[in-house]
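Thanks for asking me to look this one over.

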Amino acid sequence: MQKIIIWSAFGLMAAAQLFVPASMIAGHEIVLQNGTLYRFKTAPVDPYDAFRGRFVSVRLEGLREVEAKDTAFEPGEKACAYIGVDEAGFGYITHATKRPEEPGDYLYVEIIHTYEGKLVFKDVIDRYYMPEDLAPEAERAYREHSRNGDVERRDAFVTVRVRSGKAVLEDLYVAGKPIREFLNTHPPN
């Protein structure tokens, strides 16, 4: 009887260890398949961070701060940041609420701090994963196209799928092309 209990407990533990990553992957794929697609402009980002591994570090404009409708937010608190689309077709945060209250797409964000009636969020999306051999060249191309001094001439952006408060970065674009296509047509020097 004791062996049955031990093997049952082992089986339940093994099933739980498989369930957690499988549910995370399934949640990610559901957002990619069924989420609303948004484009976000990118902003300049610091160079390569040796501790983060092989991906492209991105920073999205319009996803860092917003005017607070409700000033009762505290640092570390979660909020629902609602997404709007500007006249150029790029997404940005319109306002934040304590919980989902309105129709429309929103992201769960963490408040870093508040100042002068504004909420500042922790980055929701900050990396685009790529094959290890392509990531350094993609990072270089992204930096070059997102750091152009003239804001209107910067031509790097990302597409992001949003569903039920979750966001998944779908693709990184440089000069109007998906990054892999851009790298195929602009080989390294």
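Predicted model: local features only at pLDDT ≥ 70, side-chain atom pairs only at ≥ 80, totals over all residues.

1. I would start with Asp 171, which sits in strand β11, residues 166-174. Asp 171 is buried and yet takes part in no salt bridge. The nearest side chain of opposite charge belongs to Arg 180, 5.9 Å away, and a salt bridge needs nitrogen and oxygen within 4 Å.

2. What does the side chain of Asp 171 make a polar contact with? The partner is the side chain of Tyr 128, at 3.0 Å. Leaving aside residues up to four places away in sequence, Asp 171 touches Tyr 128, Phe 157, Val 158, Thr 159, Pro 178 and Ile 179. Phe 157 comes back in point 5.

3. On to the rings: the count comes to 5 aromatic pairs. In one of them, Trp 7 and Phe 10, the ring centres are 5.8 Å apart and the planes stand at 90°, so this pair is edge-to-face. Both residues belong to helix α1 (residues 2-34), where they are 3 residues apart, about one turn of the helix. Trp 7 is exposed, at 59% relative accessible area, while Phe 10 is partly exposed, at 46%.

4. Tyr 82, Tyr 106 and Tyr 108 make up one aromatic cluster. Elsewhere, Lys 98 lies over the face of Phe 73, 4.8 Å from the ring centre.

5. Turning to charged pairs, the count is 9 salt bridges. One of them brings together the side chains of Lys 118 and Glu 65, at 3.5 Å from N to O. Here too distant parts of the chain are linked: Lys 118 is in strand β8 (residues 118-121) and Glu 65 in strand β4 (residues 65-67), 53 residues apart. Lys 118 counts as partly exposed at 25% relative accessibility, and Glu 65 is partly exposed at 32%.

6. Lys 122 and Glu 110 also meet in a salt bridge, with 4.0 Å from N to O. Lys 122 is in the loop between β8 and β9 (127-129) and Glu 110 is in strand β7 (residues 106-115), so the pair ties together parts that are 12 residues apart in sequence. Lys 122 is partly exposed, with a relative accessible area of 47%, and Glu 110 is partly exposed as well, at 26%.

7. Arg 127 is partly exposed at 29%, whereas Asp 126 is buried at 18%. Finally, coming back to Glu 110 and Lys 122, salt bridges with shared partners join these two and Lys 78 into one network.

Notes:
Residues numbered from 1 in each chain as written. Heavy atoms only, no water. Helix = DSSP H or I, 4+ residues; strand = E, 2+ residues; numbered from the N terminus. Buried < 20%, exposed > 50% of the residue type's maximum accessible area, 1.4 Å probe, protein only. Lys, Arg positive; Asp, Glu negative; His and termini not counted. Polar contact = N/O pair within 3.5 Å; in protein donor to acceptor, adjacent residues only side chain to side chain. Contact = heavy atoms within 4.5 Å. Phe/Tyr/Trp six-rings, centres within 6.5 Å; stacked < 30°, edge-to-face > 60°. Lys NZ or Arg CZ within 6 Å of the ring centre and 35° of its normal.
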